Amino acid sequence: PEMLLPVTEFAALAGLSPRDRIIQMLASLNVPALRPVLLTLGSEAGQTGPAGVLAILATWPRAQRRALASLICERAHGLLGGTATSLDPDEQSSLEWVITLAEQHPDDPLVVAPLLLRLHRLQPGQPIYLPNGVPHAYLSGVGVEIMASSDNVVRGGLTSKRVDSQALADLLDPDAAPLLAVPRTPLSPHEVQWQPPVPEFARSRVVVSNIRVTLSREPSDPVGPEVLLCLNGEVAVSSDDRDVRLRGGQSA
């Protein structure tokens, strides 16, 4: 599990889109290589749901990946430029992201991910919590991320880091979804806390000026170490007999 708190406007893909929307968007691309996937996805007897489509594209044969990504990008350009096609704002944004991702990852069929996953536009201070098993990709913006201690972060594509497509296919939870309404609790006039529905972590934001602020903790609060990250300005932190000064981008 993980949670991200944007400090700028932020765009993210998180959670699978409804099956009908995926079928509609993939069909509109009119990419021949994707027709068998569409037939299976649209069949009542088919076992390949949206999570299965994501896994199929993540494991696409290496020799055919660049050609497929290029054709997906070309068709997305065509849909955006077509005068006869009426696109709603979400569809238009999704196709624009397909093109952007194709420029960044020309060998990866998962450039089509914006048509498979939900697009979220977040404002500064609007958190998004992701349970384990939720496919996601952070597209643009700056945010502070916190996650449970883990050795099984699995990547399926759109990255220069190690990819394990089969593990992605095994771990995807088609029913898991991101949570945008993370409970927000004021702890003091200077501190507010976001607590997702997991015991591993919480996130709080402290706003200080030229006054001394004491951070108090209750027995019911999550147990463990805390990391203080200074976003901007300069702050002095004192704990017992230790004093440190932090500037923007530094942590203790």
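## A polar contact at Ser17

A polar atom of the Ser17 side chain sits 3.2 Å from the backbone oxygen of Leu117. A polar contact here is a pair of N or O atoms within 3.5 Å; within protein, one must be able to donate a hydrogen and the other to accept it, and residues adjacent in sequence count only if both atoms are side-chain atoms.

This is a predicted model, where local features need pLDDT of at least 70, side-chain atom pairs count only at pLDDT 80 or more, and totals for chains, interfaces and linings use all residues. Residues are numbered from 1 along each chain as its sequence is written, and side-chain values use heavy atoms, with hydrogens and water left out.

## Around Ser17

Where does Ser17 lie? Its place is the loop between strand S2 (10–16) and helix H1 (19–29); helices (H or I, at least four residues) and strands (E, at least two) are DSSP runs, numbered from the N terminus.

Ser17 counts as buried because its relative accessibility is 5%, and buried means under 20% relative accessible area (1.4 Å probe, protein chains only). Leaving aside residues up to four places away in sequence, Ser17 touches Ile22, Pro50, Leu116, Leu117 and Arg118, a contact being heavy atoms within 4.5 Å.

## The whole protein

Stepping back, the protein has 6 helices and 11 strands, and its C-alpha atoms fill a box of roughly 65 × 35 × 30 Å along the principal axes. Of its 252 residues, 37% are buried. Among contacts with a separation of 6 or more, 64% join residues 24 or more positions apart.

Key:
Buried < 20%, exposed > 50% of the residue type's maximum accessible area, 1.4 Å probe, protein only.
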